[in-house]
Amino acid sequence: MAHIVLLHSVLGLRPVELGMKARWEAAGHSVTLPDLYDGASAESYEEGFALRKEIGDAVGARARAAILAAPKGAVLSGVSLGAMFVGESWSERPDIRGAVFFAGGAEFVPGLRRGLKVQAHIARPDPFDDEDYFASWAATKGDAELEIFRYDGVGHYFLDRALTDYGEAEAELCLSRVDAFLAGL
């Protein structure tokens, strides 16, 4: 079983991430789910970006601390903003078993382990990144084993049923793919 570090989106820690944690723990994994906003959350992306700005550098520091404190062989995972934080720290964790990204990705960096398994789940179209970004991102994967799954007709964070982005069938398909990914590590 895997130890997963899950970093939430710009919206803050919400029931969707708690549900993912419960699902993975029920499957036998352990999960670190830090609250990067220390109890605050937002209902819209605009509010979330304002909240992140208000909290400041502590958000990134908390994310980095959670990643660095994870046990050897952990799986790093992030939702949108959380994915960015994974990208800022994953070169410091050459021992990770894999990475899972939701609603975005993390820039690939030199020195990632050959064969590192990376899975990404992204809406098509995504309102924050254009299609050229994802094509370019996939082209820079180096020796990583990248699987990108795209979900049509949903919004950016399509896993969160509290958002208009939500797609029930797409969310379940996404999470079942992640379950299989984790089981295969």
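## A Guided Tour of the Predicted Model

Select Asp38 to begin: this residue is exposed, with a relative accessible area of 62%. In this tour, "buried" means under 20% relative accessible area, "exposed" means over 50%, and "partly exposed" lies in between (1.4 Å probe, protein chains only). The model is predicted, so local features need pLDDT of at least 70 and side-chain atom pairs count only at pLDDT 80 or more, while totals for chains, interfaces and linings use all residues. Residues are numbered from 1 along each chain as its sequence is written, and side-chain values use heavy atoms, with hydrogens and water left out.

**Backbone features in the loops**

Keep Asp38 selected and examine its backbone. Its phi is positive, about 55°, although Asp38 is not a glycine. The residue lies in the loop between β2 (30-32) and α2. Helices (H or I, at least four residues) and strands (E, at least two) are DSSP runs, numbered from the N terminus.

Next, select Ser80, in the loop between β3 and α4. Ser80 is likewise not a glycine, and it has a positive phi of about 50°. Its relative accessible area is 22%, so Ser80 is partly exposed.

Then move to Pro125, in the loop between β5 and α5. The peptide bond that runs from Arg124 to Pro125 is cis, with omega near -5°.

**Aromatic rings**

How many aromatic pairs does the structure hold? There are 8. Rings of Phe, Tyr and Trp (its six-membered ring) pair if their centres lie within 6.5 Å; planes under 30 degrees apart count as stacked, over 60 as edge-to-face, and the rest as tilted.

Select Tyr45 and Phe128 together. Their ring centres are 5.3 Å apart and their planes stand at 85°, so this pair is edge-to-face. Tyr45 belongs to helix α2 (residues 45-55) and Phe128 to the loop between β5 (117-124) and α5 (131-139), so the pair ties together parts that are 83 residues apart in sequence. Phe128 is partly exposed, with a relative accessible area of 39%.

Now select Trp90 and Phe108. This aromatic pair is tilted, at 5.7 Å centre to centre with 35° between the planes. Trp90 is in the loop between α4 (81-89) and β4 (98-102), and Phe108 is in the loop between β4 and β5; the pair links these distant parts of the chain, 18 residues apart. Both Trp90 and Phe108 are buried.

Another ring to display is that of Phe134. The charged end of Arg150 sits over this ring, 4.6 Å from its centre; the criterion is that NZ of Lys or CZ of Arg is within 6 Å of the ring centre and within 35 degrees of the ring normal.

Select helix α4. It is mostly covered, with 7 of its 9 residues buried: Leu81, Gly82, Ala83, Phe85, Val86, Gly87 and Ser89. Which elements cover these buried residues of α4? They include β1 (3-7), α2, α3 (58-69), β3 (75-79) and β4.

Two packed helices are described by the angle between their axes and the distance between the axes. Axes are lines fitted to C-alpha atoms, for helices over the stretch in contact, and angles run from 0 to 180 degrees between N-to-C directions. To see the contact (heavy atoms within 4.5 Å), display Val59, Gly60, Ala63, Arg64 and Ile67 in α3, which meet Phe85, Val86 and Ser89 in α4.

**Helices α1 and α6**

Select α1 (residues 15-26) and α6 (residues 168-183). Their axes come within 11 Å and cross at roughly 40°. That makes α1 oblique to α6. Met20, Arg23 and Trp24 of α1 make the contact with α6 residues Glu172, Leu175, Ser176, Val178, Asp179 and Leu182.

**A last stop in strand β6**

Finish with Phe149, in strand β6. Is this residue buried or exposed? Phe149 is buried, with a relative accessible area of 18%. Not counting residues up to four places away in sequence, Phe149 touches Gln119, Ala120, His121, Ile122 and Arg177.

Terms used:
Parallel < 35°, antiparallel > 145°, perpendicular 65-115°, else oblique.
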